[in-house]
Amino acid sequence: MTESYVCPTCERVEERSYRVRFIILTCPDCGENGRFIHTSFVDRLEEIPESEHPEGWADMTLDERLLYAVREGLLQIDITGPM
Ligand SMILES: [Zn+2]
């Protein structure tokens, strides 16, 4: 059983045996160092209605969207605490 994490920039998926909110690594595909976020968050970001999207949402990386959504109260998750 593995957990999937998604590159915030190119959406490459990395598998890990443990479950955390995000892992930080340099992506082998796009070369960006960033927060690969757990797929459960990717799913929840997709559930945010378009009417709640800020200007530039389409140009934001996944982790930027996640931080925005948490800050604006669109997602009720604590990204700093334990899973
Ligand atoms: Zn990448």
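Modeller: The bridge partner of valine 6 in strand β4 is isoleucine 37. Before going further, this is a predicted model, in which local features need pLDDT of at least 70 and side-chain atom pairs count only at pLDDT 80 or more, while totals for chains, interfaces and linings use all residues. Residues are numbered from 1 along each chain as its sequence is written, and side-chain values use heavy atoms, with hydrogens and water left out.

Valine 6 belongs to strand β1, which covers residues 3–6. Strands (E, at least two residues) and helices (H or I, at least four) are DSSP runs, numbered from the N terminus. Two strands pair if DSSP finds at least two bridges between them. Strand β4, residues 33–38, pairs with β1 in the antiparallel sense over 2 bridges. Strand β2, residues 13–16, also pairs with β1 in the antiparallel sense, over 4 bridges. There, valine 13 of β2 stands opposite valine 6.

The side chains of β1 point two ways: Glu3 and Tyr5 one way, Ser4 and Val6 the other, and all are buried. Buried means under 20% relative accessible area, exposed means over 50%, and partly exposed lies in between (1.4 Å probe, protein chains only).

Between β1 and β2 the hairpin has 6 residues, and glutamate 11 in this hairpin takes a positive phi near 70°. Cysteine 7 is buried, with a relative accessible area of 0%. Cysteine 10 is partly exposed, at 34%. A disulfide is a covalent bond between the sulfur atoms of two cysteines. Here the term is applied to a pair of cysteine sulfur atoms within 2.5 Å, and by this rule the count is 0.

Now the whole chain. The protein chain has 2 helices and 4 strands, and along the sequence they follow the pattern β-β-β-β-α-α. The radius of gyration of the protein chain is 13 Å, close to the 12 Å that the globule rule gives for 83 residues, so the chain is as compact as a globular protein of that length. That radius is taken over C-alpha atoms, and the rule is 2.2 Å times the number of residues to the power 0.38. Along its principal axes the C-alpha trace spans about 35 × 30 × 20 Å. Of the 83 residues, 39% count as buried. Among contacts (heavy atoms within 4.5 Å) between residues at least 6 apart in sequence, 37% join residues at least 24 apart.
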